[in-house]
Amino acid sequence: MKWTKFRVKTTVEAEDIVISTLYDIGLEGAQIEDKVPLTALEKEQMFVDILPEGPEDDGIAYLSFFLEEKEDGSLEMSGEKTDADAVLKKVRQELEELRQFCEIGEGSVTVDETEDIDWINNWKQYFHQFYIDDILVIPSWEEQKAEDEEKMVLHIDPGTAFGTGMHETTQLCIRQLRKYVTRDTTLLDVGTGSGILAILSLMFGARHAVGTDLDECAVEAVAQNCEANGIGPEQFELLIGNIITDQSVQKKVGYGCYDIVAANILAEVLVPLTPVIVNQLKEGGIYITSGIIDEKEQTVAAAVEAAGLKILEITHQGEWVSVTAQKPR
């Protein structure tokens, strides 16, 4: 399926009104590119292993809108047949009218062609098989080498719910899970994303795992990765919802029934999560956290202790930190 992309250069302040205006004439999208720092809520809803600090906000925004191309190369906008030149003319006209009463910046428009595969699969060129200690991580589009047949192999495709194991924060969690998981372990993975931590825990011998996530995209990613690794649906249960604020999610997850809770999330989320999640842990249960930048170590450690947990270990990799604690018996 091919699409024609109309990309507008504007300002961050004008994003909403430009999007609204161009939606009104029948464009679809919109993809927003800017350098605005993430809010606390947006950070909470991210499932990437950890995003690096971005460049300083320069006030510029690029907005991309899409129209599907028909088999004859024509476009359709608001139910009427059209072409790229006509749409471009209409977009420019709308932008000039907006300019009369608000600052939209440069307001230039470029036209390009794209396909679904450009949006969904381009990240694959950056993800190749690699090792986490002695665990071989392989995406579905690469073949396992003969010399690796005796290795523990994790087949992982993040899809649109991120989590590949490449980031230091995930590797810190994996090493702690390997240390504490037993054949009796029931595990809760908060912010499970691709399911990598829960799936590896089951491969390490855990009896059962439950994952929570805010994004519906995790459902398909987890299902695919479980199937790829021979994990049955009875072994790994996924719940969508916010365990910090939604009591119905907390109830579904269950109280006092987990030997280990893992949370590879930003420190800003770990602080409010910790006093909630302590209720899900069994007495003597282990709480493994990561996603903590060096400068936030003491903040998270203080939150863990304030929740009545005893810190067992603080481990480091690069500039990242994992705090492992235990609920008193």
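Predicted model: local features only at pLDDT ≥ 70, side-chain atom pairs only at ≥ 80, totals over all residues.
**Exercise 1. Helix α5 and the β7–β8 loop**

Task: State how many salt bridges the model holds. Then work out which residues of the loop between β7 and β8 are linked to helix α5.

Solution. 
- Step 1. The count comes to 10 salt bridges.
- Step 2. One of them joins aspartate 133 to arginine 175, with N and O 2.8 Å apart. Aspartate 133 lies in the loop between β7 and β8, while arginine 175 lies in helix α5. The two are 42 residues apart, so distant parts of the chain are linked.
- Step 3. Aspartate 133 has 49% relative accessibility and counts as partly exposed. Arginine 175 is partly exposed at 29%.
- Step 4. A salt bridge also connects arginine 178 with aspartate 134; the closest N and O atoms are 2.5 Å apart. Here too the pair links distant parts of the chain: arginine 178 is in helix α5 and aspartate 134 in the loop between β7 and β8, 44 residues apart.
- Step 5. Arginine 178 is partly exposed, with a relative accessible area of 35%. Aspartate 134 is partly exposed, at 39%.
- Step 6. Return to aspartate 133 for its backbone. Its phi is positive, about 55°, although the residue is not a glycine. For context, most residues other than glycine have a negative phi.

**Exercise 2. The end of helix α5**

Solution. 
- Step 1. Tyrosine 180 belongs to helix α5 (residues 168-180).
- Step 2. Tyrosine 180 and isoleucine 288 are 108 residues apart in sequence, but their C-alpha atoms are 9.6 Å apart in space.
- Step 3. The side chains of tyrosine 180 and glutamate 313 make a polar contact at 2.9 Å.
- Step 4. Is tyrosine 180 buried or partly exposed? Buried requires under 20% relative accessible area. Tyrosine 180 has 22% relative accessibility, so it counts as partly exposed.

**Exercise 3. The nonpolar cores**

Task: Identify the residues that touch the most other members of the largest nonpolar core, and the elements that supply it.

Solution. 
- Step 1. The largest nonpolar core has 28 residues; Leu154, Ile174, Leu177 and Phe236 touch the most other members.
- Step 2. At least two residues each come from β7 (130-132), β8 (135-138), α5, α6 (196-203), α7 (217-228), β13 (258-264) and β14 (281-293). Helix α6 gives the most, with six residues.
- Step 3. Look at leucine 177. Not counting residues up to four places away in sequence, leucine 177 touches Leu187, Leu197, Ser201, Phe204, Ile260, Ala262 and Ile288.
- Step 4. A second, separate core has 27 residues, including Val190, Ile244, Tyr258 and Leu273.
- Step 5. The general background: in soluble globular proteins, nonpolar side chains tend to be buried together.

**Exercise 4. Aromatic rings**

Task: Determine the geometry of the pair formed by tyrosine 23 and phenylalanine 65.

Solution. 
- Step 1. The model has one aromatic pair.
- Step 2. Tyrosine 23 and phenylalanine 65 form it, with 6.3 Å between ring centres and 85° between the planes. Planes over 60 degrees apart count as edge-to-face, and this pair is edge-to-face.
- Step 3. Tyrosine 23 is in helix α1 (residues 15-24) and phenylalanine 65 in strand β3 (residues 60-68), so parts 42 residues apart in sequence are tied together.
- Step 4. Tyrosine 23 is partly exposed, at 37% relative accessibility. Phenylalanine 65 is buried, at 0%.
- Step 5. Another ring has a charge over it: the charged end of arginine 7 sits over the ring of tyrosine 62, 4.1 Å from its centre.

Conventions. Residues numbered from 1 in each chain as written. Heavy atoms only, no water. Helix = DSSP H or I, 4+ residues; strand = E, 2+ residues; numbered from the N terminus. Buried < 20%, exposed > 50% of the residue type's maximum accessible area, 1.4 Å probe, protein only. Polar contact = N/O pair within 3.5 Å; in protein donor to acceptor, adjacent residues only side chain to side chain. Core = buried A, V, L, I, M, F, W, Y, C linked by side-chain atoms within 4.5 Å. Contact = heavy atoms within 4.5 Å. Phe/Tyr/Trp six-rings, centres within 6.5 Å; stacked < 30°, edge-to-face > 60°. Lys NZ or Arg CZ within 6 Å of the ring centre and 35° of its normal. Salt bridge = Lys/Arg side-chain N within 4 Å of Asp/Glu carboxyl O.
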